[in-house]
Amino acid sequence: MGTDERAAPGGAPACMSTLCADFLAVRRGTEALTAGLTAEDCQLQSMPDASPVKWHLAHTSWFFEQFIAVPRGIAPVNPAYAALFNSYYVGAGPRHPRLRRGDLSRPALVEVMDYRRQVTQAVAGLLGDRQHAADTDLHALVTLGIAHEQQHQELIVTDMKHHFACQPLSPLHSPAPAQARGVAPILRYVPMAGGLVAIGHEGPDFAFDNEMPRHRVWLEPYALADRLVTETEYLAFMDDGGYAQPTLWLSDGWAAREAQGWAAPLHWQHDGDGWRVLTWQGWRRPRADVAVCHVSHYEADAYARWADARLPTAPEWEAASAQPGADEPARHGAWLEDGHRHPAPMAALPAGSGLRQMFGDCWQWTGSSYLPYPGYRVPAGTVGEYNGKFMSGQMVLKGGSAATPRGHARPSYRNFFPPGARWQFSGIRLARDGGTA
């Protein structure tokens with residue numbers, strides 16, 4: 001279904017720079033995620049928040065065309081695509097309604113793939129043209145576009161899972177690398193001294209504008225759980241009537257639970273013999289060695305109250321992620337590149353190994369609202385609508401998930417979703433006050 005973009009596009013050298021190579025790699029990676037999907041699969045839209053795969057394939061191309069190719073004199077592939085595949089950039093003009101993206105049977109998937117090919121050739125041609133070698137704005141926008149497309153790779157996985165899960169056949173049976181059976185380590189709390197800490201991104205490496213500027217915050221002593229909450233631990237909360245105790249819930253969360261009939265995480269189902277969990281490899285029983293995912297902020301907060309704990313703040317999480325502890329591999333769970341598309345079984349580690357699963361496996365809900373940092377300014381131009389306009393009514397998540405590209409693992413990364421969102425691979429890490437276990 002995809003195209004081989006390793007060849008020189010449009011007659012230009014394919015990889016005159018690392019940036020060009022990274023651009024071509026991310027374009028191929030997106031198309032690799034669609035292997036085995038039919039045109040009908042790529043058309044599905046199961047809810048307004050989950051876009052069709054075909055739309056993701058087109059929108060990521062629209063981003064490069066809109067902000068890079070067209071401003072540099074390259075004619076758009078099809079002027080009608082400007083409105084069809086615009087997401088939320090008001091400054092870029094009209095937008096097709098988000099909840100109606102599944103109605104777009106035209107352009108056909110084969111036309112969208114041709115659109116991708118032409119945009120890829122255009123951008124690679126610009127990067128291979130020596131007259132643009134000093135175009136720092138071009139390089140910055142391509143770098144942003146690569147990170148943007150990687151975010152949509154994650155959305156392709158999460159949205160496709162939601163689309164398939166809504167079908168009676170639940171056609172989620174993809175091969176995955178073999179996984180050793182994990183362990184169910186006792187949950188321990190790692191003390192953190194707190195104090196005056198610096199958070200936010202600094203340095204020359206790429207980061208989104210919402211990760212800056214770096215600034216100082218004061219943290220009281222606290223303790224952070226050394227791992228994520230597991231499926232069976234969450235099942236104990238359910239069995240104890242966690243979904244029936246309003247005193248555990250925020251008011252808006254209880255209202256959402258009532259309105260939507262929540263009784264378990266998303267993609268859990270009771271079959272008469274007990275609960276089972278839907279993964280990309282099919283249905284299975286809850287496990288004691290795998291982190292629970294697909295819970296909302298409301299559910300995570302209610303679980304934390306039930307467990308005599310709370311959710312960490314985003315500054316607490318970020319400061320803790322920089323602390324010495326377990327060796328680096330133990331801090332990471334599954335990533336998109338690993339192919340599991342679900343949190344990995346927990347590895348056995350000696351007691352006192354420190355924090356694990358800080359990155360990968362599940363996005364971790366925090367108790368922090370998504371707000372601008374002190375001194376933050378929205379970037380100029382339409383591309384400035386990327387993050388800043390959403391700094392209201394959202395909660396911060398940290399760490400990345402099994403659907404996140406590995407390159408997005410950094411302490412300062414701030415993901416954000418409304419507190420009722422559940423279709424992402426979002427999980428729970430607990431915290432307590434006082435800096436003691």
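This is a predicted model: local features need pLDDT of at least 70, side-chain atom pairs count only at pLDDT 80 or more; totals for chains, interfaces and linings use all residues.
Arg101 lies over the face of Trp55, 3.6 Å from the ring centre. A charge counts as sitting over a ring if NZ of Lys or CZ of Arg is within 6 Å of the ring centre and within 35 degrees of the ring normal.

Residues are numbered from 1 along each chain as its sequence is written, and side-chain values use heavy atoms, with hydrogens and water left out.

Now the ring pairs. Two aromatic rings are described by the distance of their centres and the angle of their planes. Rings of Phe, Tyr and Trp (its six-membered ring) pair if their centres lie within 6.5 Å; planes under 30 degrees apart are stacked, over 60 edge-to-face, the rest tilted. The count is 32 aromatic pairs.

One of them joins Trp317 and Phe359, edge-to-face, with 5.5 Å centre to centre and 85° between the planes. Trp317 lies in helix α9 (residues 314–321) and Phe359 in the loop between α9 and β8 (363–369), so the pair ties together parts 42 residues apart in sequence. Helices (H or I, at least four residues) and strands (E, at least two) are DSSP runs, numbered from the N terminus. Trp317 is buried, at 0% relative accessible area. Phe359 is buried too, at 6%. Buried means under 20% relative accessible area, exposed over 50%, partly exposed in between (1.4 Å probe, protein chains only).

Phe417 and Trp423 also pair edge-to-face, at 5.3 Å centre to centre and 80° between the planes. Phe417 is buried at 14% relative accessible area, and Trp423 is buried at 5%.
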